[in-house]
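Visitor: I have a structure to look at and some questions about how its parts meet. Could we go through them in turn?

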There are 2 protein chains.
Amino acid sequence: MSGALKDAIRVERPAKTLRELALDKVREAIVNGYFRPGDRLVERDLCAQLGVSRTVVREVLRHLESEGLVANLPNKGPIVAQLDIDEAKQIYEIRGALEGMAARLCAERRSPEIVAALEESLAGIRNSYRDNDMAAVLTNTSSFYHTLFTMVDRNVAWGVVNLLTVRINHLRSMTIKTERRGIEGPLQMSKIVDAIRRGDGEGAYRAALDHVAAASAIAEAVLSAKKPAE
Amino acid sequence: MSGALKDAIRVERPAKTLRELALDKVREAIVNGYFRPGDRLVERDLCAQLGVSRTVVREVLRHLESEGLVANLPNKGPIVAQLDIDEAKQIYEIRGALEGMAARLCAERRSPEIVAALEESLAGIRNSYRDNDMAAVLTNTSSFYHTLFTMVDRNVAWGVVNLLTVRINHLRSMTIKTERRGIEGPLQMSKIVDAIRRGDGEGAYRAALDHVAAASAIAEAVLSAKKPAE
DNA sequence: CTACAGTATCTGGTACGCCATAATACGATT
DNA sequence: AATCGTATTATGGCGTACCAGATACTGTAG
């Protein structure tokens, strides 16, 4: 997106199409558990609940399908995708590779602004943990990684990470609630920031890897504990 | 996908919906240049060309949009996504990170089957270059990386790489045609295989990085040479 | 030659209808 | 009574017609 200044006085109309609004609604409903994994998503029911036409609902379902949040059973229709434990581990692994890459780049850039921005997000996370506001923990964590990627202009990688993250979002909300995660999580993230501050690319890479590895381990424990019960 | 043996005798019906067929058609048309970047994709025209209804076309367009192959201009409609040079470099970088990761895992696995499978794909690439069959070069290269990922059960990462690869597909078809690429490309890939054979994870990682770095450099040269002319 | 109005084009969105398939319930036959 | 065939229902897949709003084009009047 070039020419940021040129369209500064643009009218800024809503611009969101009905479809995008519906998409966000349904995605959010899946992510925060209103629709449970395995639930059927009946088109005509969704039409009624969203107050939009079937065309829109279908397009939304297709979009979510390509995001991996919805699966389509042949001759049965769409359901909320099940998250299997192996896939979750793979997602964490990919995040590790990409976040490690971004952290290394940040360290090599040696820019005080990056460190400052990361510190700010990190402080937000600590505050949110202190206030026991788990939703805020999630958004601040996202913002931490968002700056990590965007400060070195890696918006594509950020998009990939985001795409993968929604698929494990309910896992994330479980892992952050784990005992001790409120201390260790921010600690690991501050190690990333420290390495970036001293320009230690390899160290930043390792620290980022460690952080997602810890999250992955917790997720695996949570998931394998839940699977037999289900 | 578990239980591979259980459904060995499944009837295997076509099961492809009209939408999926249309999706493949349009994606292929974009990837191999029938639709050029920036071309408008007029819904009703596509209906006529594909012989399907607007419902189907719209769902297909939404799907391709979420794949990044199609962009939607507000109040103007869908066009074939432009590939800007920075984005292409980012995509190559991500591929490097993920393919490097997969190569490292393959090396650490120390399995003769992996080496054999990779050798086979590599031989296919060499033959295709010899026969000057560039389409075959592309498919064999894909198959090389496909085995790299799937032999260590990294299907999610493979999916990500695939998703990104379609966006730079016309670049790929240009890079492989470059002078000397027919020699250096397979050479670099054989270095990956060699490292895997001797179980050298770090070496495999580096070799994979080198390979995409070379491709990225060529792509950048091709793209920056083309941009002013356009 | 310019300004303006009218028009064509196209997407976004909606409503409705038809068909195919799968599952279930029901009824008949042996 | 058990089994087999059939009707019903629910649902997705697909098509068509229609309208509103935005944009691009065009022709005409001044």
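Visitor: How many Å apart do the C-alpha centres of domain 1 of chain A and domain 2 of chain A lie?
Guide: This is a predicted model. Chain A is divided into domain 1, residues 15–80, and domain 2, residues 85–225. The distance between the C-alpha centres of these two domains of chain A is 28 Å.

Visitor: How many residues does the contact take from domain 2 of chain A?
Guide: Two residues are in contact if their C-beta atoms, placed from the backbone, lie within 7 Å. On the side of domain 1 of chain A that touches domain 2 of chain A, two residues are nonpolar, two polar and two charged. Domain 1 of chain A gives six residues to the contact, and domain 2 of chain A gives five residues.

Visitor: Which element gives the most to the surface near DNA strand C?
Guide: There are 14 residues around DNA strand C, and among those that come nearest are A:Thr17 and B:Val42. Elements giving two or more residues to this surface are α1 (18–31) and α3 (54–67) of chain A, and α2 (43–50) of chain B. With three residues, the element that gives the most is α3(A).

Visitor: How many residues of the side of chain A that touches chain B are nonpolar?
Guide: In chain A, 20 residues are in contact with 20 residues of chain B. At least two residues of this side of chain A come from each of α3, α4 (85–109) and α7 (155–167). The side of chain A that touches chain B has six charged residues and four polar ones, and its nonpolar residues number 10.

Conventions
Residues numbered from 1 in each chain as written. Chains lettered and ligands numbered in written order. Predicted model: local features only at pLDDT ≥ 70, side-chain atom pairs only at ≥ 80, totals over all residues. Near = placed C-beta within 6 Å. Helix = DSSP H or I, 4+ residues; strand = E, 2+ residues; numbered from the N terminus. Domains from an automatic or database assignment. Nonpolar A, V, L, I, M, F, W, Y, C, P; charged D, E, K, R; others polar.
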